[in-house]
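Please keep the sequence and the three-dimensional view at hand while reading.

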Amino acid sequence: MKTILVFVFISSLAILSKQQDSTDGETKIPLYIGGLLSFSGGWDASGLVPGIDYALEQINAREDLLSEYDLRIVWNDTQCSPGLSSRVFFDQIYREPQKIMILGGACSVGSEAIAGTAHYWNLISVSPTSSSPGLSNRVTYPLFYRTRPAEQSFNPARVAIMKKFGWTRVATIHENYELFSLTVDDMVSRLKEANITLITSESFVDNPKNQVESLKKHDAKIIVALMYTDQAQKVFCEAYKLNMTGDGYVWMIDGWYQNKWWELDLGQVDCTQEELTAAVGGSYYIGIRSQSLSSTNDMTVGNVTPSEYDEYVKDQLANNPNYSHLTFNADHPYGYDTAWAIALALNASVNTFKATTFPDGRVRRLEDFTYDDKEMTMVFLESLAQVFFLGMTGPVKFEKGDRVGISIIHQLREDLLDHQIGDFNPLNMQDPLQWTSDLVFPGGQVPLDHTPEVEITIVIRQETVGAAIFISMCTLACLGILLAIGFLVFNIKFREQRYVKLSSPNLNNLIITGGMIVYTGIFFSGVDTQSISYNSKTVCCQLNVWALSVGFVLSFGSMFSKTWRVYQIAAFKSPKRKVITDQLLFKMVAVLLLIDVVILIAWQVVDPMKIAVRQLHTRDDPATPNQLISPYIELCESDYIIYWLLALYIYKGILLIFGAFLAWETRKVAIAALNDSKFIGISVYNVIILCTIGVTVSFLIGDDPKALYLFISGIIIFCNTVTLLVIFIPKILSVWKHPEGKSISSMMTSRRQNKPSSARNESVPIHNLTEENDILKAKVSELNQELEEKRQESCCEMGCLSLRLACFTSAKDHDHNNDNDNNNERNKNTDSNI
């Protein structure tokens with residue numbers, strides 16, 4: 001709706017302009033200015049129109065100023081958009097009437113789009129309110145002028161204040177926009193000229209937390225903060241958390257924020273409204289802005305005082321129906337002064353044209369200007385550079401296109417109101433900094449630009465695991481060892497029980513032994529040189545590696561060798577019976593252990609472990625003022641430790657993969673007592689997952705010995721305990737349920753009897769026969785193992801057992817062949833053999 005009203009307003013201005021053409025055209029020659037302001041969009045500059053119209057009215061009424069001409073303006077709305085600004089600019093130059101200059105744009109982004117193109121048509125653009133430092137680039141914007149001072153023009157005032165109070169160390173923090181970045185770049189050069197040290201310059205995009213912490217770290221006391229209002233709230237919020245907004249700190253910010261800007265809801269701020277008010281209110285910040293309306297009562301170029309002009313504009317906006325849809329803008333005096341600057345420059349050019357003969361031999365007049373006439377543009381440009389008058393914003397003077405204006409200095413006081421305390425006038429060569437009130441500082445004292453020097457004591461401290469954590473983990477390890485001893489006692493006591501015997505109790509003893517060795521690694525990894533000697537600590541480093549590596553091989557090597565026997569006997573389909581004794585399995589574990597020992601001995605001989613010291617970041621001692629702690633930690637390292645660990649990891653990884661393969665292949669073996677594949681799978685899964693997490697996390701917390709020891713020890717205890725529990729708890733439950741034991745034949749017969757009658761009456765499926773065949777092979781293996789044990793006792797008894805075994809095997813093979821002829825008869829023979 002507002003956009004439609006603005007369009008109607010602009011159209012009415014055009015109609016009024018045409019009516020004025022027909023009325024005054026007989027006496028004066030009209031000169032047209034292209035008016036490009038934002039009547040909507042990101043920033044509403046429509047409130048500048050009454051002041052500009054008032055200035056043109058005064059200019060056209062003067063007999064001594066452009067007496068032959070009638071200065072008029074043609075409006076377009078840029079909506080504070082660079083794209084639309086370019087579009088309406090082209091609309092101005094390609095539509096009649098001919099424009100002699102451009103008044104606009106209002107926003108910096110719009111002015112950049114207009115001024116970056118206008119010079120190709122030899123058009124000078126004069127902006128009333130654009131302040132971006134980028135517009136000062138005379139290469140990119142050679143025909144651009146502005147009546148509002150650029151953002152970097154406040155830097156001389158800031159530097160003057162610093163010199164006034166003897167501050168030689170300052171810091172800056174700014175939002176990452178060109179408006180602020182270029183301002184900081186200008187400040188850096190000015191600080192260098194003033195022999196003031198810039199200790200740090202921080203920039204951010206959205207979250208200033210880290211940058212404010214950096215200011216604290218650099219001991220910044222005098223801080224220049226340049227940003228938009230929403231980010232200013234976040235900066236002061238973070239400063240409040242770090243206690244950087246009260247006594248001892250000075251904040252200098254932009255002075256063009258809205259009144260009580262910290263109370264506006266502008267986005268997510270990690271502070272309550274009360275905290276934000278306390279942060280800003282306690283800072284007593286110093287704000288610097290340009291002077292928009294002169295505070296003096298001097299008569300201006302239009303024979304009107306600033307106060308009279310201000311009342312006139314407010315009255316027009318309130319009572320003139322032509323301005324009823326415009327919005328008041330405090331920068332309206334800049335629009336007034338811009339119109340006067342253009343008029344005075346054109347008026348000065350009239351006399352220059354009369355006295356100048358151009359290369360084509362003819363004399364120019366203002367109405368002769370075209371977009372191709374570069375000579376006339378140069379005259380206009382020179383005239384603007386010489387303009388000097390007293391306007392509504394104070395003395396108006398340009399320097400390389402930028403306004404040389406007065407900066408107003410104000411300060412937030414305890415009443416949370418801005419109080420003007422002085423101004424900075426660059427045109428006052430004697431003393432540009434003038435004070436109208438004293439600065440008030442939090443605490444009543446002028447802050448220093450640094451923290452007063454005090455004697456700092458540095459205490460070197462070793463970061464250790466700590467007695468409480470070490471004892472806690474060792475206690476858990478001892479409980480794990482006691483648990484393992486309990487399983488060992490059970491395994492020895494019930495080694496003749498059928499369920500336990502089928503699971504190879506001798507190898508179970510190796511699994512338990514490996515688990516106990518792994519537990520001992522907890523004791524070796526937690527000691528330090530505060531409790532034992534350096535040499536003893538080195539030995540503990542080596543023993544820790546040995547305990548973890550050897551214990552792992554004994555436990556998982558034994559489990560995998562057992563599974564390998566199941567795989568060879570039951571899962572590997574072969575008519576030839578395999579005899580695999582415990583001695584062969586012990587040899588397999590011994591080979592695996594030998595590989596481990598070779599790697600560890602080579603490591604210890606070629607690249608022995610030693611104690612390395614790593615220095616950590618120095619920090620404040622919270623318990624003692626003016627004292628710093630320089631912590632360090634001790635690590636077990638060797639020159640090529642990564643390669644040795646990689647060798648062990650690869651070897652152990654291959655072993656885990658092999659074990660997982662065997663567990664998968666034997667997963668369907670029917671005898672639970674014989675087959676630990678499911679439990680091995682659980683153990684392998686736990687080890688792989690937790691070890692992967694442990695290696696990753698250890699790199700992240702390597703500088704914290706307490707967290708590292710807790711985390712690694714917890715993983716070791718958990719993995720080891722779970723492995724022992726899943727292997728031995730089922731055996732304990734089986735012995736508890738069947739204290740007298742249960743033969744393979746009875747288990748198989750029971751399983752057959754549990755089948756439905758319909759299933760028994762049908763032909764036996766092939767996979768069921770294969771399963772029974774696997775069970776028979778397992779029994780043959782068991783009998784063969786008993787035969788080997790009895791052989792040493794009695795040759796006679798050995799012969800009998802061999803004969804029985806041969807008869808059993810022959811009967812089993814005979815039944816197996818009959819199965820191919822008749823399924824029912826085979827089932828009967830198999831049952832009788834079992």
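## A pair of helices

Helix α13 (residues 467-493) packs against helix α15 (residues 505-525) at an angle of about 170°, and their axes are 9 Å apart. Helices here are DSSP runs of H or I with at least four residues, strands are runs of E with at least two, and both are numbered from the N terminus. Axes are lines fitted to C-alpha atoms, for helices over the stretch in contact, and angles run from 0 to 180 degrees between N-to-C directions. The two helices, α13 and α15, are therefore roughly antiparallel, a label given to angles over 145 degrees. Sorted by class, the contact of α13 with α15 has 17 nonpolar, 5 polar and no charged residues. In this sorting, Ala, Val, Leu, Ile, Met, Phe, Trp, Tyr, Cys and Pro count as nonpolar, Asp, Glu, Lys and Arg as charged, and the others, Gly among them, as polar.

## Basis of the model

The model is predicted: local features need pLDDT of at least 70, side-chain atom pairs count only at pLDDT 80 or more, and totals for chains, interfaces and linings use all residues. Residues are numbered from 1 along each chain as its sequence is written, and side-chain values use heavy atoms, with hydrogens and water left out.

## The eight-stranded sheet

An open sheet of 8 strands runs in the order β7-β6-β8-β9-β10-β14-β15-β16, with mixed pairing. Two strands pair if DSSP finds at least two bridges between them. At the edges are β7 (197-204) and β16 (433-435), each of which pairs on one side only. From one strand to the next, the twist averages 25°.

Within this order, β14 (residues 407-412) and β15 (residues 418-424) pair in the antiparallel sense over 6 bridges. I408 has D423 in β15 as its bridge partner.

## The three-stranded sheet

Another open sheet has 3 strands in the order β11-β12-β13, and its pairing is antiparallel. Its edge strands are β11 (388-391) and β13 (402-403), which each pair on one side only. Strand β12 (residues 394-399) pairs with β13 over 2 bridges. Opposite E399 stands D402 in β13.

## Backbone details in loops

L66 is not a glycine, yet its phi is positive, at about 50°. This residue, L66, is in the loop between α2 (49-61) and β2 (69-77).

Definitions and conventions: Parallel < 35°, antiparallel > 145°, perpendicular 65-115°, else oblique.
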